[in-house]
Amino acid sequence: MDSLQELLDWATSQGVKLNGIGPERIPGRGIGVLATRDIQADEIVLDVPTGCLRTLSTVPKARLRRFSETSISVQGILAADLALDTSGRYGPWDAVVPRVEDLTGMPLNWHADLQALLPRHARELLDKQRAKFARDWASATTVFPDLKRDVDAYRHAWLLVNSRTFYYLNAALKRRRGVTKDDHLTLQPIADLFNHGDEDGCHVAFGRDGFAFRATKPYKAGDEVKICYGRHGGDFLLVEYGFVMSPNCWDEVMLDEVVLERFDAENKERLEDAGFLGRYVLDRETVCHRTQVALRLLCCKVGEWMRFVNGNDDGEASQGAVNVLLLELLREYITRVDDESERVRRVEVGEQQQKDILLERWSQTRLLLTIRIASLEQESKT
Ligand SMILES: C[S@@+](CC[C@H](N)C(=O)[O-])C[C@H]1O[C@@H](n2cnc3c(N)ncnc32)[C@H](O)[C@@H]1O
């Protein structure tokens, strides 16, 4: 029998209820969820009862106890549980989750030379992820030294948890010391097959009985039903989920690398003191207020800048100069994007699929820069 059918039979026997949807293999997106008939907005398309969830509570007590003196995250524990589980209890579910080779898009699995060619913001996200993984790996292997035999298997399990969990809170988690929102994690069968869309196509609600997924718009039979993993830009989607998608209405580009270079130590200190050092964002519409503040420091006297920072000056007088500087910086960034893309094409390490993903990310970045440059050029003419 097909592994998807086996998963469906198993999940249904566990109390999962599908209504007008079914999993299908979708080229380029692994498995996804399709409407099997026309669906009306507001219909509940999936119910996953609490008893089916795979959480801290389903980790065997003896295994869980061994982590009690470590600083491992819940993600790290669930990954260890996945890597160590030989019970067969989740057999049909385990059979359809992506294999090691299916997660080549995840930058954590890339060669360091290819990782170094990620946009700066993606590299920063990856550094944080790598540090978190290293902490969990250290704890997991202290408690279960056997895991050391196969770091790839643990990393794979860890990335599965990273990209397939839902937020969830229960009494056991509430009681656990030092638990943060990042730890409220659960794996759930079938629901983990929904791919991501930038608009909320299916609303996820958690109640006492479990998770319910409600269509937020009508679907035609054969349409893909997606959920929104969050309002994530492309760098985040790439590092945390291992894919790029266009269009993405939440995409954004961090301008720090071109903006910060323009400041000497004194101005950096001014920005730091005012709480405006770094995190300069360009989205599909415009640059953020932080960027406006930072660039203004280079375009007007300090007193005028302070008045703008404090909200006592609307910035109108310096807007023209700020726009000219911004245009220059965005053009400079485009040159860097082209240089980096060329490096990606030439790099001799990594798989072609990884390079294609990375090139696509640079091309998305270029598009956002180009859109803003065009509108600034237009504004300067009027
Ligand atoms: C929760 S799983 C969704 C099911 C997954 N496609 C599968 O085959 O099991 C999340 C993963 O699906 C893939 N994915 C989700 N949304 C996607 C999209 N819009 N385009 C491409 N891949 C996507 C990514 O590999 C991501 O890490």
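**Group meeting: a predicted model, sheet and helix packing**

I start with the contacts: residues 24 or more positions apart account for 69% of the contacts in the protein with a separation of 6 or more. Two residues are in contact here if their C-beta atoms, placed from the backbone, lie within 7 Å. This is a predicted model, in which local features need pLDDT of at least 70 and side-chain atom pairs count only at pLDDT 80 or more, while totals for chains, interfaces and linings use all residues. Residue numbers run from 1 along each chain as its sequence is written.

Now the overall figures. The protein has 382 residues, and 32% of them count as buried. Buried means 20 or more other C-beta atoms within 10 Å of the residue's own, exposed means 12 or fewer, and partly exposed is in between, with C-beta atoms placed from the backbone. Along the principal axes, the C-alpha atoms fill a box of roughly 70 × 50 × 45 Å. There are 15 helices and 10 strands. These are DSSP runs numbered from the N terminus: H or I and at least four residues for helices, E and at least two for strands.

Next, the sheet. An open sheet of 4 strands runs in the order β1-β4-β8-β7, with antiparallel pairing. Its edge strands are β1 and β7, the latter covering 202–207, and each pairs on one side only.

Strand β1, residues 17–18, is joined to β4, residues 44–49, by 2 bridges in the antiparallel sense. In that pairing, Lys 17 stands opposite Asp 47. On to β8, residues 210–215, which pairs with β4 over 5 bridges, again in the antiparallel sense.

How many bridges link β7 and β8? There are 6, in the antiparallel sense. Phe 206 has Phe 211 in β8 as its bridge partner. These two strands form a hairpin, with 2 residues between them.

Turning to helices, I take α3 and α6 as a pair. Helix α3, residues 74–84, packs on helix α6, residues 120–143, at an angle of about 50 degrees, with the axes 9 Å apart. Axes are lines fitted to C-alpha atoms, for helices over the stretch in contact, and angles run from 0 to 180 degrees between N-to-C directions. The two helices are therefore oblique to each other. On the scale used, angles under 35 degrees are roughly parallel, over 145 roughly antiparallel, 65 to 115 roughly perpendicular, and the rest oblique.

From α3, the contact uses Gln 75, Gly 76, Ala 79 and Ala 80, and from α6 it uses Asp 136, Ser 139 and Ala 140. By class, that contact has 3 nonpolar, 3 polar and 1 charged residues. Nonpolar covers Ala, Val, Leu, Ile, Met, Phe, Trp, Tyr, Cys and Pro; charged covers Asp, Glu, Lys and Arg; the others, Gly among them, are polar.

Is Ala 79 buried or exposed? Ala 79 is buried, because 27 other C-beta atoms lie within 10 Å. Not counting residues up to four places away in sequence, Ala 79 touches Asp 136, Tyr 154, Ala 157, Trp 158 and Val 161.

The other helix pair is α12, residues 289–297, and α13, residues 302–309, packed at about 170 degrees with axes 9 Å apart. That angle makes α12 roughly antiparallel to α13. Their crossing is left-handed. Val 293, Arg 296 and Leu 297 in α12 meet Trp 305, Phe 308 and Val 309 in α13. Those residues divide into 5 nonpolar, no polar and 1 charged.

Within α12, the buried residues include Arg 296 and Leu 297. What covers the buried residues of α12 includes α10, α11, β10, α13 and α14.

Last, Lys 355, in helix α15, residues 352–381. Lys 355 is partly exposed, because 18 other C-beta atoms lie within 10 Å. Leaving aside neighbours within four places in sequence, Lys 355 is in contact with Val 344 and Gly 350. The C-alpha atoms of Lys 355 and Leu 117 are separated by 9.7 Å, at 238 residues apart along the chain.

Methods. Pairing = 2+ DSSP bridges. Left-handed = near helix turned anticlockwise from the far one by under 90°.
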